[in-house]
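Subject: Structure handover

Hello,

Here is the structure we talked about. Please open it first, then read my notes below.

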Amino acid sequence: MQARAKGMSATGPVLELSGISKHFGGVNALADVDFVLDGGQVHGLVGENGAGKSTLMKIIAGVHTDFEGTMRLDGVEVRFRSAHDARAAGIGMVYQELSVVRDLSVAENVFLGRQPTGTLGLIAWRHMMREAGDHLRGLGIDVDPQARMGALPVGLQQLVELSRVLFSGARVIILDEPTSALSPPEIDRLFGLLRKLRDDGRTIVFISHFLDDVLRVSDTVTIFRNGRKVATGAAANIEKRWIIERMIGAGNDALEAGYTQDIRLEGRDDTQIVLEVDQLSFGRAYRGVSLNVRAGEVLGLYGFMGCGQLELVRTLFGGLKPDHGTIRLEGNPVRMSNTAAARRAGIAFVPESRRSMLFLLEPMYKNVSISILERLSRFLLKPSREREIAAEQGRRLRIVPASVERRVGTFSGGNQQKIALAKWLNFLPKVLILSEPTRGMDVGAKADVVRIVQGLRDEGVAILVASTEPETVLAMADRVLVMKKGEIVHEFADEVISKDRLLAAA
Amino acid sequence: MSTPGTDTTPQRKPTATPRTSLRLRDHLKKIAPFITLLFLIVFFSVASPASFLTWNNLTNILTQISVTGIIATGLTFVILCAEIDLSVGSVANAVGIVLAFFTAQDASVNIANVPLPGWVAIVLALTSAVIFGLVTAFGVTRIGIPSFIMTLAMLQIGAGVCAMLVRGQIAYNVPDVIKVLGTKALGPIPWIVIVAALVLAAGHFVLTYTRFGRYVYMVGGNREAAEYSGVNVRAVVASVMIIGAVCSGFAGMLGVAHLGSAQQDEFVDYLLDSIAAVVVGGTSLFGGQGGIPNTIIGLFVLGVLNNGLDHVKIDSFLKVLIRGLILLTALIINIYAQRIRSRSLEE
């Protein structure tokens with residue numbers, strides 16, 4: 001099974017893991033996984049969110065230390081007690097959220113935590129600049145070691161971080177989602193460097209959602225699903241379709257049959273366009289985005305983490321100011337200088353993180369009423385009316401326990417999500433924007449949220465659902481846009497769609 | 001069903017014991033300022049029963065905390081919003097001096113002042129307070145300077161205004177209305193106490209019963225959530241900074257009358273006292289928790305302490321140190337309490 005199609009200098013196993021299992025609470029993140037990493041290879045790792053690939057890599061990198069199974073490095077059994085141990089053993093990781101220090105120079109970032117010192121313990125600046133410069137040039141990275149890190153484009157920052165990991169002596173380098181923020185030329189440059197490192201005998205693990213990228217750079221590809229390794233194959237012999245089938249478990253598992261089920265999208269063109277976005281751009285996050293949402297329609301916005309949808313939905317709620325482009329509401333251009341203006345214009349927003357939408361120390365009714373205080377009262381509060389409304393919403397959305405006085409922090413996650421939704425439902429908004437509305441929820445709570453969203457749609461609200469989870473988008477949307485690296489790349493409307501088609505488009 | 005935390009429904013772990021003790025500590029923390037106050041009263045009553053526990057001395061205490069109380073009202077808004085205002089004493093001083101500057105002074109006071117009718121002087125003084133607040137608000141919300149640093153700059157600017165207007169001299173006259181409020185009494189109760197009580201009551205009313213007050217708590221509790229709930233966070237923060245400056249200015253006007261003179265560096269102690277009053281009372285430095293009732297308790301703790309130390313035989317230099325230690329203790333309790341609260345939510 002181990003193919004060496006491209007990896008000419010493959011040198012046999014560097015790292016062997018066997019029988020790895022890992023639980024978080026009652027959840028099985030990894031179940032009895034065997035994984036072999038050959039030297040001098042680029043090993044692609046794919047799978048859906050929560051499939052276990054990141055967990056496995058964090059075990060290898062010494063971040064998770066509590067797991068079952070054995071790990072052998074160069075044939076010797078090891079057990080890292082910390083990320084520091086793993087680094088010392090030559091294993092380095094570059095995370096999707098770069099850990100560069102933006103206000104330090106490139107050289108300082110390369111030497112982070114181990115600046116060379118001279119007499120008196122002072123930092124040997126000249127030495128550091130020279131060494132860093134040599135090191136970066138050696139890797140073919142053309143950047144001034146004195147430049148401020150934050151002033152560089154993200155692609156270069158990433159290469160500098162990679163060079164730091166290499167400089168610290170890593171032989172096994174794990175890259176988590178490295179291409180999500182990169183432009184095509186930047187990807188070419190990264191891949192060139194990765195191939196060079198491979199040919200020098202280093203081992204690279206490449207975790208990504210972008211299957212085209214994985215296939216392009218990897219020698220071997222391993223697929224994870226639900227905490228298990230489901231397949232490994234030589235990249236030269238497999239194609240995208242084959243990977244997607246295994247990622248989502250086509251035909252293998254009766255439980256997952258629903259994932260490949262065809263869903264008929266029935267868009268509507270009979271109602272008014274409520275929200276219309278034209279050529280909207282914001283920094284590096286997204287460019288030239290145009291979309292529209294009709295009354296009584298759920299528009300799904302699907303894309304991988306970092307594709308720009310977080311910034312896009314914030315812009316639509318007045319939280320970020322776009323560089324270019326216009327937003328129209330019921331045909332009239334709107335300029336939203338802040339979120340209060342967006343709310344008054346009839347736009348509602350539920351962000352992806354519960355922490356950033358709830359007041360955990362405050363009672364439930366105050367959380368529900370916060371967005372409608374202006375409607376309830378001109379000057380004086382009407383707490384009894386607030387409680388009434390909160391209780392009514394609690395019944396409607398089945399929020400348990402049914403106590404409006406209870407602090408929100410003591411509700412369960414699913415119920416917190418409903419409370420966050422409840423605050424927008426007292427007076428129906430024109431546009432409802434939901435970011436990751438079902439993330440981390442159990443099946444029952446998910447079904448409740450889907451039901452609520454569909455109810456609102458039927459009442460004529462224009463709804464935008466942004467998510468990185470295909471199931472969420474498929475369960476709710478009447479029409480789907482696929483966002484990739486800051487641009488809308490595909491639209492599914494009035495057609496039959498399924499999860500594999502959605503994944504293939506992203 | 002209004003007892004948060006007593007039910008067991010969504011809890012994953014049956015950890016009754018630690019939760020109960022957490023709640024106990026939470027309550028203990030809430031009543032800690034009361035206990036401190038009672039302890040101080042009992043202590044000083046026993047230590048000097050003849051002079052401390054008298055009607056006269058109660059009036060003394062109330063009078064002593066009045067100016068601080070007005071400043072602390074504004075500061076309660078600011079701290080509830082998770083901001084801070086270090087310029088309160090300086091703004092009070094400057095506004096008091098502006099008031100004196102526009103009032104006719106004796107010939108012996110050699111400042112280039114501009115005598116105007118009393119009400120004009122009062123309006124101009126309050127306007128200057130609003131301007132101080134607007135500048136602070138602009139720096140904090142538009143430019144994005146942390147309030148800690150912005151108000152430090154305003155502290156210096158306030159001192160500069162004071163210096164420019166009085167030029168090292170002392171002015172004594174203020175408009176009659178202010179003079180009455182600062183020095184006279186209504187029956188047995190000094191006017192300044194009544195005014196302070198009214199300001200505190202108004203502050204409590206706004207914070208508890210108005211929409212704006214709710215926004216103050218919500219912005220302080222979770223700024224991001226307030227933002228994503230469609231609250232104009234900047235406007236709320238700007239407003240509390242202005243309220244803080246206006247309260248300080250008003251306190252400065254009364255203070256000048258009460259102290260009988262307007263001069264440089266007159267209000268230096270009020271900064272520490274008003275911050276201490278808010279924090280000792282238990283209003284969270286992280287915002288969102290607390291209120292005027294807390295501030296009132298804090299005012300009494302400080303008032304009783306400052307006053308009581310005068311009644312017992314104690315080195316007057318030691319008083320300064322004791323005040324610092326009390327503030328430090330209150331800060332420790334404040335931070336510790338916040339940690340208990342957030343921990344009680346994590347399980």
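Start with helix α1 (residues 16–47) of chain B: Phe39(B) and Phe43(B) both lie in it, 4 residues apart, about one turn of the helix. Helices here are DSSP runs (H or I, at least four residues), numbered from the N terminus.

Two notes on the source. This is a predicted model: local features need pLDDT of at least 70, side-chain atom pairs count only at pLDDT 80 or more, and totals for chains, interfaces and linings use all residues. Residues are numbered from 1 along each chain as its sequence is written, chains are lettered from A and ligands numbered from 1 in the order written, and side-chain values use heavy atoms, without hydrogens and water.

**Rings**

The count over all chains is 15 aromatic pairs. Rings of Phe, Tyr and Trp (its six-membered ring) pair if their centres lie within 6.5 Å; planes under 30 degrees apart are stacked, over 60 edge-to-face, the rest tilted. Phe39(B) and Phe43(B) are stacked, at 6.2 Å centre to centre and 20° between the planes. Phe39(B) is exposed, because its relative accessibility is 54%. Phe43(B), at 43%, is partly exposed. The cut-offs: buried is under 20% relative accessible area, exposed over 50%, partly exposed in between (1.4 Å probe, protein chains only).

**Between the chains**

The contact (heavy atoms within 4.5 Å) takes 32 residues from chain B and 40 from chain A. There is 1 salt bridge between them. Glu386(A) and Arg214(B) form a salt bridge, 2.7 Å from N to O. The rule asks for a side-chain nitrogen of Lys or Arg within 4 Å of a carboxyl oxygen of Asp or Glu.

Best wishes

Conventions: Helices (H or I, at least four residues) and strands (E, at least two) are DSSP runs, numbered from the N terminus.
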